[in-house]
Every structure is written in structure tokens, then in C-alpha cells.
Amino acid sequence: MADTGLYIAMLGIDGTGKTTMTKMLSRELEAHGHDVKRLSWRKELDEAERPNTRESLRQLWVESLRLVHLGVDGPAAPGSYDEFHAQGWEKRYGSAAHTTNVPAGPLAAAWLEWVGQILLRHEIVEPHRARGVHVIDESFSLKMAFKELVIAERLSTDPALTKEIERARETLVELFRACDPDVGIVVTGPIDQAFQWRMRQEGSLGSLEDMGAATGDRGQDGFLELQSACDAFFRECAEKWGWIVLEMEDTSAEENFAKLRAQLLDHPAAGRLLKTT
């Protein structure tokens, strides 16, 4: 019977290199003879083994984006995943200059991130771990939930609703904490560097990467505002939860991964996977 696999999760702002570090860690573990599953909600929209799970994740993904933009002007995005994807609504949301929105939408979307985490944990993470596969989550879902709460808080003008958003944050943090991975890694670095990396990677920002959904600044200023709030919160979580903090530098991916590998070697659960016997 195979040993139980580890659940390793990355958490960090957009553009810091979480996906790159996930790919390199996957290759490193595979080179040591381990089976690895790279996990992200986006990948499971096409790769989830059970059709019902795949369809549920697709609908949650669409609905979370629709909710984040619940109060924006213009036509409503379709509820069908196929239509939403074919019509490029994620990119349209990410590039439009929104002048209206309401806080209830992103607040509700944050709760959907928790629903998605339940599905990912029980339908994908745990079955793979039971088969001895190590699962590396390239973006722990708390990231999106927190960003949506930041947007909701910025939009709120009602003190009672603002308190509700604060309570949601406290509750969601506790719920996600209950899904704590065996190895947690917060990937961080200078926010302006992350912006430059993101622009080199994608050429533009995506939905929920700046303050556009809160009718705030788009582009670099909005990116710096949203991502700075996220980075401070993720660092706080790392300190409370005992997660590894990887400080990315503007150098090669190999040099940054060497830092991560050294930190993992000192981790009681991850170290045994990387040590050569």
C-alpha cells in the first residue's frame, strides 16, 4: 500500500512566480522518484476526473466572476461556462473601466471560493494523496477569497455591511485554516517587481489583479494597491501558521528555486522527499 502523499500549497500575490516554483518543485520531486499532481482550480476545469466535479467547478468559477462584477454597467455575462469562455468574459472583465459595482457580489463570491476549496480538497487532493501522490497546489484558494473581500470592503458604504465583511474574513480564514496543507509556502517579493513580471508573462492584467472591480485604479497603481494588501495579509498568515516564506528576487528562476529547495530541506515533512538516500 502506498504511503500517503503530501499536500503542498502555494499562496502569494499575482506575478510572484508561484506557478514557476510549482513546476520546478514538481520536476524536482519527480526526479527523486515521487508521483506528483499539480493542482489549480483553473486546470481542474478541464482535468477533473469526475464529470460532475468538473462541471461543478466550472459553474462555481463562472459564478464567482459574475458575482464579483454583479453591479457593473452593461450586459450580464452568460451563466454557461462554454458561452462565458467562448465570449472571453474573463478578459472583458479584466480590461473594462468599471464605474459602478456593489459590495454584495464580491462578498458572496468569497464564500464560493470556500465551496470550491471543499470540492478540490475532497474530490482531488485527498484521492491523490491516498494513492501516494504528492499534490502541489499552485494557488491556495484563500488568495481569491481575500481579494474579493478587499474589493467588497472598498465598495461598501454601509457600516453594517462593512462589519459583515469583516466577520466573513475572520470566518473564512478559520475555514481555510482547517484545510491547512502539510507544507504551506507563501511566495512574496517586491510588488513593483511582481507587476513587471506579470506584464512580461501576460502582456496585461487579468480580472481581480487590480482595483478595477472596486471602481478603482486599473493598471499599475491598482495592482500595487490590491496586491500590497494581499501580501501583508499572506505574510501575517505565514507567521501565524508556521508556513515557509519564500522571498523572490529579480534573478533567475533556478536561483529562486534553490532558495526554496533549501527551505524545504529544513521542513520536517518536505525534507525527507528531497534528501538523497
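Biologist: Leaving aside neighbours within four places in sequence, which residues is Phe-84 in contact with?

Modeller: Phe-84 is in contact with Trp-61, Val-62, Leu-65, Arg-66, Ala-77, Pro-78, Trp-89, Glu-90 and Tyr-93, its neighbours within four places being left aside. Contact means heavy atoms within 4.5 Å. This is a predicted model, in which local features need pLDDT of at least 70 and side-chain atom pairs count only at pLDDT 80 or more, while totals for chains, interfaces and linings use all residues. Residues are numbered from 1 along each chain as its sequence is written, and side-chain values use heavy atoms, with hydrogens and water left out.

Biologist: Why is Ser-64 called buried?

Modeller: Buried means under 20% relative accessible area (1.4 Å probe, protein chains only), with exposed over 50% and partly exposed in between. The relative accessible area of Ser-64 is 6%, so Ser-64 is buried. Ser-64 lies in helix 3 (residues 51-68), a helix being a DSSP run of H or I with at least four residues, and a strand a run of E with at least two, each numbered from the N terminus.

Biologist: What makes strand 4 largely enclosed by the rest of the structure?

Modeller: In strand 4 (residues 183-188), 6 of the 6 residues are buried, so the strand is largely enclosed. Val-183, Ile-185 and Val-187 point one way, and Gly-184, Val-186 and Thr-188 the other.

Biologist: How do you know that strand 1 pairs with strand 4?

Modeller: Two strands pair if DSSP finds at least two bridges between them. Strand 1 (residues 7-12) is joined to strand 4 by 5 bridges, and the two run parallel.
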